[in-house]
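This report goes through selected residues and helix contacts. The sequence and model come before the text.

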Amino acid sequence: MSVLIDKFDVFAGGFWLTLQICLLAAIGALILGAIVAVLRISPVPPLRAVGTAYVNMFRNLPLTVVMFFAAFGLPALGSNADFLRIPGLDAIFTRLGTDLPYFRFALIALVLYTAAFVCEALRSGVNAVPAGQAEAARSLGLTFTQNLRYVVLPQSWKASVVPLGSVIIAMIKNSALVGFFGVVGDLSQSADQLTSAEGHAFVPVAIGISIGYLIMTVPLGALLDRIEKRQAVAR
């Protein structure tokens with residue numbers, strides 16, 4: 001168990017990098033998922049078909065396949081995901097600006113995959129809004145966009161918070177894959193380095209890595225439980 005103390009800097013560094021990619025992926029997935037959700041409920045059939053196709057594809061693909069495509073397919077297409085080198089943001093999240101693109105590839109894979117589940121969580125919230133309210137808004141002359149902005153989405157967020165939180169928790173756990181696709185220094189890759197390269201016992205290392213993920217997921221799960229109980233009391 002001494003490895004937990006002797007290699008604390010490795011665990012801390014892995015936790016910090018994993019937290020960064022999870023934070024960026026969560027923001028990206030929420031934005032993209034909201035866009036896809038709008039497409040899914042759009043009155044325009046081609047847009048609705050695009051949203052449905054996106055969700056059906058990514059919900060039924062293993063994340064490993066998406067990671068493979070991002071890590072090996074994008075370079076084959078000549079992309080290094082340089083569009084993610086956003087000035088200012090790459091000063092905070094330094095891995096976005098490095099020449100090695102695997103952090104950016106992993107981020108793209110997590111965002112694309114998680115956005116499909118975010119979309120469905122949001123759509124479940126939209127379906128929870130009484131249909132009469134949307135119909136009343138249309139009778140007042142509100143457009144589809146105005147109806148979403150002023151009537152549907154403000155109410156749907158309340159019903160979507162808990163499902164969205166569950167999706168983000170799942171995404172945090174899914175981020176354990178990124179270390180096996182070229183991202184150096186995250187929790188899972190740090191575990192591989194400590195056990196394979198440095199010969200430390202697996203069990204203490206696994207305990208240290210597990211603690212890192214629990215620090216991220218347990219408080220979020222507790223917060224979701226509290227929100228769910230408050231919503232139940234409000235109803």
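## Buried residues, aromatic pairs and helix contacts

Val 66 counts as buried, because its relative accessibility is 7%; buried means under 20% relative accessible area, exposed over 50% and partly exposed in between, with a 1.4 Å probe and protein chains only. This is a predicted model, in which local features need pLDDT of at least 70 and side-chain atom pairs count only at pLDDT 80 or more, while totals for chains, interfaces and linings use all residues. Residues are numbered from 1 along each chain as its sequence is written, and side-chain values use heavy atoms, with hydrogens and water left out.

Val 66 belongs to helix H4, residues 63–76. Helices (H or I, at least four residues) are DSSP runs, numbered from the N terminus. Not counting residues up to four places away in sequence, Val 66 touches Phe 58, Leu 61, Ala 109 and Tyr 113, where contact means heavy atoms within 4.5 Å. Between the C-alpha atoms of Val 66 and Ala 106 there are 9.2 Å, and the two residues are 40 residues apart along the chain.

Aromatic rings are the next topic. The structure holds five aromatic pairs. Rings of Phe, Tyr and Trp (its six-membered ring) pair if their centres lie within 6.5 Å; planes under 30 degrees apart count as stacked, over 60 as edge-to-face and the rest as tilted. The pair of Tyr 54 and Phe 58 is tilted, because the ring planes stand at 45° with the centres 4.7 Å apart. Both residues lie in helix H3 (residues 45–59), four residues apart, which is about one turn of the helix. Tyr 54 is buried at 15% relative accessibility, and Phe 58 is buried at 9% relative accessible area.

The pair of Tyr 102 and Phe 105 is edge-to-face, because its planes are at 85°, with ring centres 6.0 Å apart. Tyr 102 and Phe 105 are three residues apart in helix H6 (residues 102–128), so about one helical turn separates them. Tyr 102 counts as partly exposed at 30% relative accessibility, whereas Phe 105 counts as buried at 2%. Phe 68, Phe 72 and Phe 181 form one aromatic cluster.

| Pair | Ring centres | Planes | Type |
|---|---|---|---|
| Tyr 54 and Phe 58 | 4.7 Å apart | 45° | tilted |
| Tyr 102 and Phe 105 | 6.0 Å apart | 85° | edge-to-face |

How do H3 and H6 meet? The axes of H3 and H6 come within 9 Å and cross at roughly 120°; axes are lines fitted to C-alpha atoms, for helices over the stretch in contact, and angles run from 0 to 180 degrees between N-to-C directions. H3 is therefore oblique to H6. Angles under 35 degrees count as roughly parallel, over 145 as roughly antiparallel, 65 to 115 as roughly perpendicular and the rest as oblique. The crossing of H3 and H6 is left-handed; a crossing has that hand if the near helix is turned anticlockwise from the far one by less than a right angle, and is right-handed if clockwise.

On the H3 side, the contact is made by Tyr 54, Val 55, Phe 58 and Arg 59; among their partners in H6 are Val 111, Leu 112, Phe 117 and Glu 120. The residues of this contact of H3 with H6 divide into 10 nonpolar, no polar and two charged. Ala, Val, Leu, Ile, Met, Phe, Trp, Tyr, Cys and Pro count as nonpolar, Asp, Glu, Lys and Arg as charged, and the others, Gly among them, as polar. Leaving aside neighbours within four places in sequence, Tyr 54 is in contact with Leu 32, Val 36, Val 111, Leu 112, Ala 115 and Ala 116. The contact of H6 with H8 divides into 16 nonpolar, six polar and no charged residues.

Two further residues complete the report. Gln 20, in helix H2 (residues 8–40), counts as buried at 6% relative accessibility. Not counting residues up to four places away in sequence, Gln 20 touches Ile 92, Phe 93 and Thr 94. Ala 81 lies in the loop between H4 and helix H5 (89–92) and is buried, with a relative accessible area of 1%. The phi of Ala 81 is near 55°, a positive value in a residue other than glycine.

How values were computed. Helices (H or I, at least four residues) and strands (E, at least two) are DSSP runs, numbered from the N terminus.
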